[in-house]
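Here are my notes on this one, written as numbered points. Have the viewer open while you read.

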Amino acid sequence: MDVLERRIAQLEANMRQMQQELAELRQERRRANHPADSLTETEAPHTAAPPYGEIPQGYAAHEQQGMQRQPYPQQQQPTPEYLQQQGIPGYPPAASQVPSYPGQAPYGYQQAQGTGPAQGNGQPHYDPGFNPYAYQQQHAGAAPREPKPPKDWEHLIARVWLPRVFIVVLLLGVLWGFTAAVSAGYLTEPIRCLLGVVVAAVMYWLGERQIRSQREALGQVLLGGAVGVLILSVFAAHELYDLIPSGLAFVLYILSIALGVFTALRRRSQTLIIIATVAGYLIPFLVHSAHPNAWVFTGYEAVFSLAMIAVALKFDFRAAYFVAVGVLHLLLLIGYAAGDFSESRHIFIAAVFIQHAVLLGYAFVGPKQRKLDQTLSLFLGYGIMVLWIYALYPFTEDSIHWRPLMLFVWALVYTLAAWGKHLQAQRAPVFAAIATTAWFLWMLDILNHSYSPAAAVVIGTAGILLGFKLKSYMQQITATVIFLYGLSGTIFMVIHEIVSAQSLSWIVLLISIAVLAYSLRHMSERLFYDRLPDVLMWVDALLAIIFITQITNVFTADLTYDFRHLILSAVWALYAIAVIICGVLLQKQMVRIAGIGLLFLTLVKVIIVDLPGVSVAIRAILFIGLGALGMVVSRLLYKRKNIPPSAPASDDTPIEP
């Protein structure tokens, strides 16, 4: 019995230590997952429990209660129920007999979470496969998920789309009935217009009543239809029947749009705002004027656009914001094409500039929550603005070249905006990306077509390095597109003269790729592809072969076929030797391998291209020269013989002279 009691005491000590460690781990996990809930014992609103060591357990608990542990019956093994009653570790007691310790999950935690089995009487049943001290995350997957409620098609069709469709049907029926009554002579022109105003008022009243009755979709449709009928009534009185003058019609149109905007804001309806925005843009087309005025037309459209942009931003109507920004350009284009405004192009471009300047200013000082909307509106807005500049100001020989001047001004504005954000220690990738694009367009506009690839390569290289410095993917992508434009334009250029724009473009391209490879290799930031500098150097080496081939062909254009091929192969071989020497001096194994590969490429060229067309003497010279160069290269790369066999060769091993 003494041995059994010692084992029981040892097991109790081990259990206390394990439970204390589990409680500490659980407390740390709770602090990590719920910092706000990590309160100290003095802050926690619970009854303080005595330390774990002071709480009697098992045999000691029964002794402190004045109870004598009953000896095991002779010739009978103790049953689990008996051990459970005696408080023996390994056979947990009932949940009511287990004290609660600070930071410890109560017994039966798994059963409470629905993951542990229970007996029929509601008492937790012990199962060795369950851990009552496991973290909550271990049982989270077992909790049943709430099923996604099925879509209520009846609500979607009957309450949302049904009123939208049948309000159109109702309006068509009213229009046909109106036409039939007019044809029969029952309605005079003033009565028709007044009837339209009355119908609009009735529809507005019904819409307000439907919204108050919690029928939002039907009420908004009626309110939007009321504003539309009111505008049509004013249009009929002014344009069709000539009952009211243009000035009064314009004022009534404005009041109708104001009513629509007021109703939309009162009901916080983006749909009504969009309807009011489109209708407001169409007002100048609804007012009859014998002599259209460009200042009035563009001024109204620009002011209305800014007003609706402000409303959309204030109430966070994203769709209405893009409608207010984009529809202006469409209606200005229609107005410019429909009217005789060729002499008023400055007025139209001024309206476009004003809207874009406001968007730029809001993006500079506005909140950061709308970065995506600002990026889309600025990028698309700048692209559309450039199209306006190219359409209204084609290249002419006038005294003032407006197009390059406008492009230069906007490039400078975006550069200053990006610099200002940088000084404020704020990221502004859209400003830098548009500034790069603006400088590229300006360079294309002022330079000759032959020099545009070189300019694109220079701007693209600078933009890529700036993008890595700013850690802006937008800037990197924009600059890469510009660089690829210059790369493709240069590759398809054929050099006919040594001193030419084509030669300059090739030289700029080779230097730019080398600069990119060198800069990316020495950057502290991790690249998306670690071998990118090596890839760029390989591309640069291959492009250099094309360049020296074209230059050699220009120099040997007056020579015979045999000598041209002989000289070209010799130039390739010398180029390979130069690459190998650079690899030796820089102690770069990859460069030396590239030079050897170029030497083998020269041999393949001689065998496939040169041999079929040259004479026997030229063949002999080519093979003798290549063979001698191969031997020289092998001797150049031969290591010292005193290197121990166990020491592997490295780039730092000196070359035998």
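1. Start with I273: leaving aside residues up to four places away in sequence, I273 touches V261, A264, L265, M308, V311, F317 and A320. Bear in mind that this is a predicted model.

2. I273 belongs to the largest nonpolar core, a set of 88 residues. Along with L378, Y382, Y414 and F431, I273 is among the members that touch the most others in that core.

3. On to a helix pair worth a look: α17 covers residues 429-446 and α18 covers residues 452-470. Their axes sit 10 Å apart, and the packing angle is about 170 degrees. Anything over 145 degrees counts as roughly antiparallel, so that's the label for α17 and α18.

4. Who meets whom there? On the α17 side you'll find A432, T436, W439, F440, M443 and L444, and on the α18 side S452, A455, A456, I459 and L470. Sorted by class, this contact has nine nonpolar residues, two polar ones and no charged ones.

5. Zooming out, the protein chain has 24 helices and zero strands. Of its 657 residues, 37% are buried.

6. Last, the surface: the protein chain has an accessible area of about 39400 Å². Carbon and sulfur atoms account for 66% of that area.

Note on methods: Residues are numbered from 1 along each chain as its sequence is written. This is a predicted model: local features need pLDDT of at least 70, side-chain atom pairs count only at pLDDT 80 or more; totals for chains, interfaces and linings use all residues. Side-chain values use heavy atoms; hydrogens and water are left out. A nonpolar core is a set of buried Ala, Val, Leu, Ile, Met, Phe, Trp, Tyr and Cys residues joined through side-chain atoms within 4.5 Å. Buried means under 20% relative accessible area, exposed over 50%, partly exposed in between (1.4 Å probe, protein chains only). Contact means heavy atoms within 4.5 Å. Helices (H or I, at least four residues) and strands (E, at least two) are DSSP runs, numbered from the N terminus. Accessible areas come from the Shrake-Rupley method with a 1.4 Å probe; for residues, only the protein chains shown count as cover. Axes are lines fitted to C-alpha atoms, for helices over the stretch in contact, and angles run from 0 to 180 degrees between N-to-C directions. Angles under 35 degrees count as roughly parallel, over 145 as roughly antiparallel, 65 to 115 as roughly perpendicular and the rest as oblique. Ala, Val, Leu, Ile, Met, Phe, Trp, Tyr, Cys and Pro count as nonpolar, Asp, Glu, Lys and Arg as charged, and the others, Gly among them, as polar.
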